[in-house]
Amino acid sequence: MKYTNENGRSMVEMLGVLAIIGVLSVGGIAGYSKAMNKFKINKTTDQVSMLIANIRTMFSAQGDYAGLTNGAAIKFGIVPDDMYAASTDGAYTDTYTINNAFNGTVEIKSSTSNGTDTAGAFTVAYKGLSQEACVTLATSDWGSGQASGLIAILAGSALADTDLAGAVIGGNGSSAAGKAVGQPGATGTNAVKTPMPVAAAVTGCASNATANQVVWKYY
């Protein structure tokens with residue numbers, strides 16, 4: 001009678017299989033992460049376009065954007081439901097929190113269009129962005145001519161309200177450490193036109209994902 005020896009897989013073979021599984025897992029996770037980031041950027045692009053169009057339509061008859069706040073935008077149905085938590089009392093305050101796809105916040109408010117008025121323009125600020133998202137959003141074409149209503153697009157890691165007030169119709173964009181301002185038709189040595197060049201956006205958008213923000217200013 002013949003006996004056949006049946007041996008299991010060797011340790012070397014098992015280690016080889018585990019190594020292959022590990023490589024595939026790492027590749028899969030990296031691919032998923034990249035796909036999710038692209039999805040979030042696309043979602044943000046759609047959200048911003050919708051917010052800007054809705055705000056301009058809602059306030060067109062008023063002539064300015066006085067009274068525009070996060071709470072007012074929610075009350076008027078400008079903000080999608082998935083961007084904020086339902087209020088328990090129905091009273092949406094001026095500082096009501098609106099969230100973006102990157103787990104950061106969104107701030108909507110009136111601003112100056114020429115440096116002297118108080119509500120001739122409005123801003124939509126997306127905060128807490130990754131560097132990739134900050135650069136991608138800043139360099140997209142949000143309006144290269146003044147007819148689009150775009151006054152300026154700002155990208156940076158340390159933006160302040162004074163930066164927003166300084167961006168007026170017909171102004172010249174500029175870039176500096178921690179800040180980049182692109183404006184339609186900007187001219188001059190340090191001017192940054194729109195769409196904003198990648199180099200200018202990278203100058204403004206830091207690697208610290210919790211600090212980056214992009215602000216759109218329209219009239």
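View 1. Ile98 stands opposite Val106 in strand 2. Strand 1 (residues 98–99) is joined to strand 2 by two bridges in the antiparallel sense; two strands count as paired if DSSP finds at least two bridges between them. Strands here (E, at least two residues) and helices (H or I, at least four) are DSSP runs, numbered from the N terminus. Five residues lie between strand 1 and strand 2 in this hairpin, and Asn103 in the turn has a positive phi of about 65 degrees. The model is predicted: local features need pLDDT of at least 70, side-chain atom pairs count only at pLDDT 80 or more, and totals for chains, interfaces and linings use all residues. Residues are numbered from 1 along each chain as its sequence is written, and side-chain values use heavy atoms, with hydrogens and water left out.

**View 2. Strand 3 and its two partners.** Strand 2 (residues 105–111) and strand 3 run antiparallel and are joined by six bridges. Lys109 has Thr123 in strand 3 as its bridge partner. Thr123 also stands opposite Lys217 in strand 7. Strand 3 and strand 7 run antiparallel too, with seven bridges joining them; the partner of Ala125 in strand 7 is Val215. Of the nine residues of strand 3 (residues 121–129), eight are buried, where buried means under 20% relative accessible area, exposed over 50% and partly exposed in between (1.4 Å probe, protein chains only).

**View 3. The sheet and helix 3.** Seven strands form an open sheet in the order 1-2-3-7-4-6-5, with antiparallel pairing. Its edge strands are strand 1 and strand 5 (175–176), each of which pairs on one side only. Helix 3 packs on this sheet and touches strand 3, strand 4 (150–156) and strand 7; contact means heavy atoms within 4.5 Å. The direction of helix 3 makes about 20 degrees with that of strand 7. For such angles, axes are lines fitted to C-alpha atoms, for helices over the stretch in contact, and the values run from 0 to 180 degrees between N-to-C directions.

**View 4. The disulfide of Cys134 and Cys205.** The sulfur atoms of Cys134 and Cys205 are 2.0 Å apart and form a disulfide, defined as a pair of cysteine sulfur atoms within 2.5 Å. By this rule the count is one disulfide. Cys134 lies in helix 3 (residues 131–138) and Cys205 in the loop between helix 5 (198–204) and strand 7 (212–218), so the pair ties together parts that are 71 residues apart in sequence. The disulfide is left-handed because the torsion about its S-S bond is about -70 degrees. Cys134 is buried, at a relative accessible area of 0%, and Cys205 is buried at 2% relative accessibility.

**View 5. Asn37 in helix 1.** Asn37 belongs to helix 1 (residues 11–58). With 15% relative accessibility, Asn37 counts as buried. Apart from neighbours within four places in sequence, Asn37 is in contact with Phe102, Ser130 and Glu132.
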